[in-house]
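Good morning, and thank you for making time for this presentation. I would ask you to keep the sequence and the structure in view as I speak.

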Amino acid sequence: MPRPVSWLPRLHEITRTVSNSSRSHYDRRDLEKLFELQSRAAQKMLEMLPTLQIGNAHLVDREVLLRFLERVREAEDVPALYAELLAEKVQISRRKPRSLVRTDIPPVSLDALPSSIVLSRGRMEVNFTTVTELAEAMFALARILESEGEEFAQSFELLKATGEERRS
């Protein structure tokens, strides 16, 4: 009799985590953390799924992982599903991905703007002493724009209709 699937009781939580993730691909270590598996079990999971090889790393696409989790949810016999997936395993793709996001970066709000950045409508001033400080400030600003772009635009863009700043 096959061993029970240890992560099955957490299937909903794992699916939600993958669905809400901004990352595009998962490697063996990511699967270890996500499914709370040992290295060998995570490697066996990778062997069942279609992967993309970049260097020595085998990565599974987030959408492929979501389809796998959906199939597990619908399956009556998960070990039989594992055998089925191994039988239908496709060739490892060596093509380059169009985009690769390997980590989840939480969204940042405008309240987290670094003190080295001073903003006013139509102007930005960045104070720094090293290029590293500048890069960190610009990265924080980029994350804010990604998560709150509309609010940022409403607060700091010049009004084009009158050419004057809107008073808040």
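**The nonpolar cores**

The largest nonpolar core has 25 residues, and those touching the most other members are Trp7, Phe35, Met45, Leu65, Phe68 and Leu69. By nonpolar core I mean a set of buried Ala, Val, Leu, Ile, Met, Phe, Trp, Tyr and Cys residues joined through side-chain atoms within 4.5 Å. Buried stands for under 20% relative accessible area, exposed for over 50%, and partly exposed for what lies in between, with a 1.4 Å probe and protein chains only.

Two or more residues of this core come from each of α1, α2 (28–35), α3 (39–48), α4 and α5 (78–87). Helix α4 gives the most, with six residues. Helices (H or I, at least four residues) and strands (E, at least two) are DSSP runs, numbered from the N terminus.

The model is predicted, with local features needing pLDDT of at least 70 and side-chain atom pairs counting only at pLDDT 80 or more, while totals for chains, interfaces and linings use all residues. Residues are numbered from 1 along each chain as its sequence is written, and side-chain values use heavy atoms, with hydrogens and water left out.

Which residues does Met45 contact, leaving aside its neighbours within four places in sequence? They are Trp7, Leu31, Phe35, Leu37, Phe68 and Tyr82, where contact means heavy atoms within 4.5 Å. Another core, of eight residues, lies apart from the largest one and includes Val108, Ile117, Val126 and Phe152.

**Aromatic pairs**

Rings of Phe, Tyr and Trp (its six-membered ring) pair if their centres lie within 6.5 Å; planes under 30 degrees apart count as stacked, over 60 as edge-to-face and the rest as tilted. The count by this rule is four aromatic pairs. One of them, between Trp7 and Phe68, is tilted, at 6.1 Å centre to centre with 50° between the planes. This pair links distant parts of the chain, 61 residues apart: Trp7 is in the segment before α1 (11–19) and Phe68 is in helix α4 (residues 62–74). Both Trp7 and Phe68 are buried.

Phe152 and Phe156 form another tilted pair, with 5.0 Å between centres and 45° between planes. About one helical turn separates Phe152 from Phe156, because they are four residues apart in helix α6 (residues 131–156). Phe152 has 14% relative accessibility and therefore counts as buried. Elsewhere, ring pairs join Trp7, Phe35, Phe68 and Tyr82 in a cluster.

**The sheet**

Three strands make an open sheet in the order β1-β3-β2, with antiparallel pairing; two strands pair if DSSP finds at least two bridges between them. Strands β1 (25–26) and β2 (52–54) are at the edges with a single partner strand each, so one side of each has no neighbour in the sheet. Strand β2 is joined by three bridges to β3 (residues 57–61), and the two run antiparallel. Gln53 is opposite His58 in β3.

**The chain as a whole**

The chain has six helices and five strands, and of its 168 residues 29% count as buried. On confidence, pLDDT is the predictor's own estimate for each residue, from 0 to 100. The chain averages 82, and 82% of the residues score at least 70. Among the elements, mean pLDDT is lowest in β2 (82) and highest in α2 (93).
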